[in-house]
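Welcome! Here is a short briefing to read alongside the sequence and the 3D view. Please take a look at both before going on.

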Amino acid sequence: MATPKRYERIAFVASPGDEAQAALAQLTKLYGNHAADDADVVVALGGDGLMLQTLHAHMRTGKPIYGMHRGTVGFLMNEFTTHDLHTRLAAARESLINPLLMRATDVHGAVHLHHAINEVALFRQTNQAAHLRILIDEHERMPELIADGILVATPAGSTAYNLSAQGPILPINAALLALTPISAFRPRRGRGALLPNSAFVVIEVLEGEKRPVAAAADHDDVRDVRRVEVLSDKTISMRMLFDPGHSLEERILREQFGY
């Protein structure tokens, strides 16, 4: 008896690079290419940048996303092959990702809402270090952080910018967020904190006129912010698919041991 195909109709998306476009042509010839609205699964061909774009594009559809590495950085991608894709998809393991919701208020009082899959980050806009006040669940935890900035990272984003900023790697199933300073000046050994993913994080900008600060939720930027609120949006669950033995949990575990 033939193995049932959980994901019969596939929608392919690809980054503009030659490698990804060649893969798109190969796979379309073998499996067809359905419109995303009619597909059972979306297969992204490229690197982590394309995966983030695809997750953002389908954030509210509930469609599973399966990536194959045809780009530069491929931490969130499976290995590329054209062989027996339906079987690979049927055997894939699913990881659920909740994005962060950023609510940023700028100098004019305008409110900007954006979602982030990797992190919400605040950065100094000039050569002046940012002065920031940190509140967790409406309690002041740091009256003043002097730094280039600070970020709040999800487990999925903990191996991206967060890791470069010396933040901790989080297992994908951990109910945690990483709060990581960026090049902290005061306190000297301010290494941030691990927070429950139920935490309500507020970052207030001190001396904003003299020391302007920008905020970014993945690729969405807001300039001259005065207050940024961050929380995990449990109303949205994105479904990422990974080959057995190459799940996001396994990749994050390997990263913690440096390979």
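A residue is called buried when its relative accessible area is under 20%, exposed when it is over 50%, and partly exposed in between, using a 1.4 Å probe and protein chains only. What you see is a predicted model, where local features need pLDDT of at least 70 and side-chain atom pairs count only at pLDDT 80 or more, while totals for chains, interfaces and linings use all residues. Residues are numbered from 1 along each chain as its sequence is written, and side-chain values use heavy atoms, with hydrogens and water left out.

**The chain as a whole**

- The chain holds five helices and 16 strands; helices (H or I, at least four residues) and strands (E, at least two) are DSSP runs, numbered from the N terminus.
- Along its principal axes, the C-alpha trace spans about 65 × 40 × 35 Å.
- Of the 259 residues, 49% count as buried.
- Contact means heavy atoms within 4.5 Å; among contacts between residues at least 6 apart in sequence, 68% join residues at least 24 apart.
- The accessible surface comes to about 12,500 Å², and 50% of that belongs to carbon and sulfur atoms; such areas come from the Shrake-Rupley method with a 1.4 Å probe, and for residues only the protein chains shown count as cover.

- His131 has its place in strand S8 (residues 130–136), and it counts as buried because its relative accessibility is 8%.
- The side chain of His131 makes a polar contact with the side chain of Glu144 at 2.8 Å; a polar contact is a pair of N or O atoms within 3.5 Å, where within protein one must be able to donate a hydrogen and the other to accept it, and residues adjacent in sequence count only if both atoms are side-chain atoms.
- Leaving out residues up to four places away in sequence, His131 touches several others, including Glu144, Ile146, Glu204, Leu206 and Arg211.
- Pro143 belongs to strand S9 (residues 139–153), and it is exposed because its relative accessible area is 53%.
- Setting aside neighbours within four places in sequence, Pro143 is in contact with Leu132, Arg133 and Leu206.
- Pro143 and Asp37 lie 106 residues apart in sequence and 48 Å apart in space, C-alpha to C-alpha.

**Helix residues under cover**

- Helix H2 (residues 48–57) is mostly covered, with seven of its 10 residues buried.
- Those buried residues are Asp48, Leu50, Met51, Leu52, Thr54, Leu55 and His56.
- The cover over them includes strands S1 (10–14), S2 (41–46), S3 (65–69), S6 (111–116) and S16 (238–242).
- Asn162 is found in helix H4 (residues 161–164), and it counts as buried because its relative accessibility is 0%.
- Not counting residues up to four places away in sequence, Asn162 touches Leu151, Ala153, Gly157, Gly167, Pro168, Ala178 and Thr180.

**Backbone features in loops**

- Most residues other than glycine have a negative phi, and most peptide bonds are trans.
- A cis peptide bond joins Arg186 and Pro187, with omega about -5 degrees; Pro187 is in the loop between strand S10 (176–186) and strand S11 (193–196).
- Glu207 has a positive phi of about 55 degrees although it is not a glycine; Glu207 sits in the loop between strand S12 (201–206) and strand S13 (213–217) and is partly exposed, at 41%.
- Asp224, also not a glycine, has a positive phi of about 50 degrees; Asp224 is in the loop between strand S14 (220–222) and strand S15 (225–232) and counts as partly exposed, at 29%.

- Arg9 is in the segment before S1, and it counts as partly exposed because its relative accessibility is 36%.
- The side chain of Arg9 reaches the backbone oxygen of Asp38 at 3.3 Å.
- Beyond residues up to four places away in sequence, Arg9 touches His34, Asp38, Ala39, Asp40 and Val41.
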